[in-house]
Amino acid sequence: MVRSETDDVAVNPGARPESASFIQAHMRLAPALFLPEIRLYAAHPASGLRRLVDPHRAGGDPPPYWAYHWAGGAALARYILDRPATAAGVRVLDLGAGSGVVGIAAAIAGARTVLAADIDRNAIAAIGLNAAANGVTITAVEDDLTAGPPPEMDLIAVGDLFYEQGLATRVTAFLGRCVAAGVRVLIGDPGRAYLPHARLRLLAEYPIPDFGDAKDAATKRSAVFSFE
Ligand SMILES: C[S@@+](CC[C@H](N)C(=O)[O-])C[C@H]1O[C@@H](n2cnc3c(N)ncnc32)[C@H](O)[C@@H]1O
């Protein structure tokens, strides 16, 4: 017999709930900040997201970044929606996809295929729900592609992935291999500490403040770069 995580909750109230059912029951579908064309499942104070984190899982579940707005992803999604030719007709990888907002923008812009990759299984569930809510098709994979060779893609779109030094080092090396293999790489970022400035060319700036950035929010900007 195959047991589901939902069965586990029924027999053990402390068990981790199944991701997609939890998201639908405890989060709200709402227009994304700065992206009124896109609706995403968003967390609110009563969502209780920590119930999705399994304390017994080896290594633990990552923080639920997929449940929140990130300025880098919003800027890159805005850029793609405003310039659909960026993604139209091409194979797009949304790396570190979180909610899948960048991949959804690429799909709306007419991408041939969209693959969204994240290391968080809850993000994979959220991407499926968010894609369906926006009427687009995205393949979501729970994997760290940065360790592997350049994928068979035309465009890699990276929203807000330079917030930790080790991660940024791996992502920068991976993107370098991808560019050398002929893949176009775009990055959306609010100016994180480990952004590889020496390899970036500024394409656009937006008055988009970061998640939780109340102080000086009106003057905060986020940018879209080409990685070269
Ligand atoms: C700050 S969030 C940004 C999410 C989304 N790109 C956006 O801008 O809204 C970073 C995401 O990258 C994911 N992540 C971290 N390391 C990763 C890796 N090595 N491969 C794929 N995803 C990763 C996290 O789980 C998280 O969902």
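The axes of helices α3 and α4 approach to within 8 Å and cross at roughly 5°, where axes are lines fitted to C-alpha atoms, for helices over the stretch in contact, and angles run from 0 to 180 degrees between N-to-C directions. The two helices α3 and α4 are therefore roughly parallel to each other, given that angles under 35 degrees count as roughly parallel, over 145 as roughly antiparallel, 65 to 115 as roughly perpendicular and the rest as oblique. On the α3 side the contact is made by G73, A74, L76, A77, I80 and L81, and on the α4 side by V101, V102, A105, A106 and I108; two residues are in contact if their C-beta atoms, placed from the backbone, lie within 7 Å. By class, the residues of this contact of α3 with α4 divide into 10 nonpolar, one polar and no charged, with Ala, Val, Leu, Ile, Met, Phe, Trp, Tyr, Cys and Pro counted as nonpolar, Asp, Glu, Lys and Arg as charged, and the others, Gly among them, as polar.

The model is a predicted one, in which local features need pLDDT of at least 70 and side-chain atom pairs count only at pLDDT 80 or more, whereas totals for chains, interfaces and linings use all residues. Residues are numbered from 1 along each chain as its sequence is written. Helices (H or I, at least four residues) and strands (E, at least two) are DSSP runs, numbered from the N terminus.

Helix α4 is mostly covered, eight of its eight residues being buried; a residue is termed buried if 20 or more other C-beta atoms lie within 10 Å of its own, exposed if 12 or fewer, and partly exposed in between, with C-beta atoms placed from the backbone. The buried residues of α4 are V101, V102, G103, I104, A105, A106, A107 and I108. After α4 comes G110, whose phi is positive, near 105°. A88 is found in the loop between α3 and β3 and counts as partly exposed, with 13 C-beta neighbours inside 10 Å.

The shell around the ligand comprises 24 residues, of which W70, G73, G96, G98 and G159 come nearest; a residue is near a molecule or strand if its C-beta atom, placed from the backbone, lies within 6 Å of it. Two or more residues are given to this shell by each of the elements α3 (71–82), α4 (101–108) and β4 (113–118). In terms of residue class, the shell around the ligand has 13 nonpolar, seven polar and four charged residues.

In helix α2 (residues 19–26), the buried residues are S19, F22 and I23. Seen down the axis of α2, these buried residues fall within an arc of 100°, so they line one face of the helix, the arc being that of the directions from the helix axis to the C-beta atoms. The face of α2 turned away from the buried side carries the exposed residues Q24 and A25. Among the elements that cover the buried residues of α2 are β2 (35–42) and α5 (121–133).

In strand β3 (residues 91–95) lies L93, which is buried, with 27 other C-beta atoms within 10 Å. Neighbours within four places in sequence being left aside, L93 is in contact with L115, A117, P151, M153 and I156. The C-alpha atoms of L93 and F22, 71 residues apart along the chain, are separated by 26 Å.

F34 lies in the loop between β1 (28–32) and β2 and is partly exposed, with 18 other C-beta atoms within 10 Å. Beyond residues up to four places away in sequence, F34 touches A74, R78 and I208. D160, by contrast, is buried, with 26 other C-beta atoms within 10 Å, and lies in the loop between β6 (155–159) and α6 (165–180). Another loop residue, D144, lies between β5 (139–142) and β6 and is partly exposed, with 15 other C-beta atoms within 10 Å.
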